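Student: I would like to learn how to read the features of a protein model. Where do we start?

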Amino acid sequence: MVRHIVMWRFKEGEQENMLVFRDRLLALKGQIPEIREMEVGININPSDRSYDAVLVSTFDSMEALRAYSTNPLHVAVSDFCKSIRTESASCDYEF
């Protein structure tokens, strides 16, 4: 199994679009079969060193994660995110 974690910081004034992004990302769970688990959270304790939102998702393998990453539905959501974020960080690990 592979855990895929991504965190984002969003541009000032993009709070509504951040929620739209969250909803679009969560909707992928029913549309992309490689997703085993998916959780998206908005930070409730912001600070200078924290991120605004996080994705924690699970896949059967790195191949499944790559299939998810290149799926056109995911690419569209990712492109939307890139237009409203300032930065992101990710980590993938096996467990």
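Tutor: We start with accessibility: a residue is buried under 20% relative accessible area, exposed over 50%, and partly exposed in between (1.4 Å probe, protein chains only). Val 20, at 31% relative accessibility, counts as partly exposed. This is a predicted model, in which local features need pLDDT of at least 70, side-chain atom pairs count only at pLDDT 80 or more, and totals for chains, interfaces and linings use all residues. Residues are numbered from 1 along each chain as its sequence is written, and side-chain values use heavy atoms, with hydrogens and water left out.

Student: Where does Val 20 lie?

Tutor: Val 20 lies in helix H1. Helices (H or I, at least four residues) and strands (E, at least two) are DSSP runs, numbered from the N terminus. Along the chain, Val 20 and Cys 81 are 61 residues apart, while their C-alpha atoms are 9.6 Å apart in space.

Student: Which residues lie nearest the centre of the largest pocket?

Tutor: Val 6, Trp 8, His 74, Ser 78 and Cys 81 do, out of 15 lining residues. Two or more lining residues come from each of strand E1 (2–10), helix H1 (15–27), helix H2 (62–70), helix H3 (72–84) and strand E4 (85–94). H3 gives the largest share, 5 residues.

Student: Next, charged pairs. How many salt bridges does the structure hold?

Tutor: Side chains of opposite charge can pair when their charged atoms come close. The criterion for a salt bridge is a side-chain nitrogen of Lys or Arg within 4 Å of a carboxyl oxygen of Asp or Glu. The structure holds 4 salt bridges. One of them joins Glu 87 to Arg 9, with the closest N and O atoms 3.0 Å apart. Glu 87 lies in strand E4 and Arg 9 in strand E1, so this pair ties together parts that are 78 residues apart in sequence.

Student: Which residue forms a salt bridge with Asp 60?

Tutor: Arg 36 does, at 2.9 Å from N to O. Asp 60 is in the loop between strand E3 (53–59) and H2, and Arg 36 is in the loop between H1 and strand E2 (37–42), 24 residues apart. Asp 60 is partly exposed at 38% relative accessibility, and Arg 36 is partly exposed at 39%.

Student: What separates Arg 66 and Glu 63 in helix H2?

Tutor: They are 3 residues apart in that helix, so about one helical turn separates them. Arg 66 forms a salt bridge with Glu 63, the closest N and O atoms being 3.4 Å apart. Arg 66 is partly exposed, at 45% relative accessible area, while Glu 63 is exposed at 51%.

Student: What makes up the nonpolar surface patch?

Tutor: Patches are made of residues with over 30% relative accessible area and no salt bridge; like charges are joined within 9 Å, and nonpolar side chains (Val, Leu, Ile, Met, Phe, Trp, Tyr) within 5 Å. Accessible areas come from the Shrake-Rupley method with a 1.4 Å probe, and for residues only the protein chains shown count as cover. Met 1, Tyr 93 and Phe 95 make a nonpolar patch of about 300 Å². Phe 95 is in the segment after E4.

Student: Where is Glu 94 placed?

Tutor: Glu 94 is in strand E4 and is exposed, with a relative accessible area of 66%. Between the C-alpha atoms of Glu 94 and Ser 50 there are 24 Å in space, and the two residues are 44 apart in sequence.

Technical notes
1 Å grid on protein atoms, 1.4 Å probe; cavity = no way out; pocket = protein on both sides within 12 Å on 5 of 7 lines; lining within 4 Å.
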